[in-house]
Amino acid sequence: CMPDGHWGYGFPIGGVAAFDPEDGGVISPGGVGFDINCGMSLIKTNLTEKDLEPHKKEILNKLFEKIPAGVGSTGFLKLSHNEFKRVVEEGSKWCVDNGYSLDRDLTFTEEEGCIEGADSSKISDKVIQRGLNQIGTLGSGNHYLEVQVVKEENIKDKEIAKKLGFFPGQIVIMWHCGSRGAGHQIATDYLMKFLNVMESKYKIKILDRELACAPFYSPEGQDYFAAMKCGINMSFANRQVIGHRVREVFSQVFKQDAEKLDMDLVYSIAHNTSKIEKHIVDEKIKKLIVHRKGSTRSFGPGHEDIPKAHKSIGQV
């Protein structure tokens, strides 16, 4: 549990758990979270706080208009069932192909915006129905979009800050959201499936139904793994479309295209996932199924799972 971990359904929010799939290790929706791939994205600009001051109200009004927030909010994209299936299998790559992302954004995104192995045949019609109108929306709860200022006292490593393109007084835009109703439905569907087979089929007993699980290599475990990856990709696409709308707003207000405003993605990272990772256990390298709920990866420079753009500095 992370130092700032707190109560959540099943696992604490801020919890990390690794299981050995070769030794009966399990996968659990409660260890991933209901908002699959809830995460953070950040875009930088070359604007300063002084540049923004006369346009604050207009910026905020346009952001609120273009990026729906709140329970039940729906976005400007109206997708068919089949197109939504493409989104959950292709993630941010779908956004690039359809003009809602810059190709270079992928190099700054965890999994380059698309985790392999997502299978839309493993998600229910209800998942599709809940998610197909929600791409490009924030949702509710602790999700937000903020226009922020880089403060000099908050720059702890000037060299890394320079590499990432940060400077004191700079305007950046950060947002926090995930897979919305689709991710919640995936977790709900598989929680119920696991509860039906856990004790009867796999003799697993738990103290809390929210900890429902199944052996990773069981049919149920593998189905959830493939469905969860659909939630991961839906969320990458959701955050990417929000980034597209942010760029549109700033371009309109400052009457310059995003390129001239240096509106590059700095990172997009997940904190509600379950992935196969290599870790050293008892002096041996093992492949483990690692659940992260409310916890991001923090791999050092050169790690094979780090996005290309962050290879030299790691995930700081």
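**Surroundings of H143 and H176 in a predicted model**

Leaving aside neighbours within four places in sequence, H143 is in contact (heavy atoms within 4.5 Å) with D35, C38, L138, H176, C177 and G178. The structure is a predicted model, in which local features need pLDDT of at least 70, side-chain atom pairs count only at pLDDT 80 or more, and totals for chains, interfaces and linings use all residues. Residues are numbered from 1 along each chain as its sequence is written, and side-chain values use heavy atoms, with hydrogens and water left out.

H143 is located in the loop between helix 6 (125-131) and strand 4 (144-149). Helices (H or I, at least four residues) and strands (E, at least two) are DSSP runs, numbered from the N terminus. H143 counts as buried because its relative accessibility is 17%. Buried means under 20% relative accessible area, exposed over 50%, and partly exposed in between (1.4 Å probe, protein chains only). The side chain of H143 makes a polar contact of 3.0 Å with the side chain of D35. It also reaches the backbone oxygen of L138 at 3.0 Å. A polar contact is a pair of N or O atoms within 3.5 Å; within protein, one must be able to donate a hydrogen and the other to accept it, and residues adjacent in sequence count only if both atoms are side-chain atoms.

H176 is part of strand 5 (residues 170-177). H176 counts as buried because its relative accessibility is 6%. Not counting residues up to four places away in sequence, H176 touches C38, G39, M40, L138, N142, H143, Y144 and H271. The side chains of H176 and H271 are joined by a polar contact of 3.3 Å. A polar atom of the H176 side chain also lies 3.0 Å from the backbone oxygen of N142. From C-alpha to C-alpha, H176 and S92 are 16 Å apart in space, and 84 residues separate them in sequence.

The chain as a whole has nine helices and nine strands. Of its 316 residues, 53% count as buried. Its radius of gyration, taken over C-alpha atoms, is 20 Å, which agrees with the value near 20 Å for a compact globule of 316 residues. The globule rule is 2.2 Å times the number of residues to the power 0.38. Along the principal axes, the C-alpha atoms fill a box of roughly 65 × 45 × 35 Å. Among contacts between residues at least 6 apart in sequence, 75% join residues at least 24 apart.
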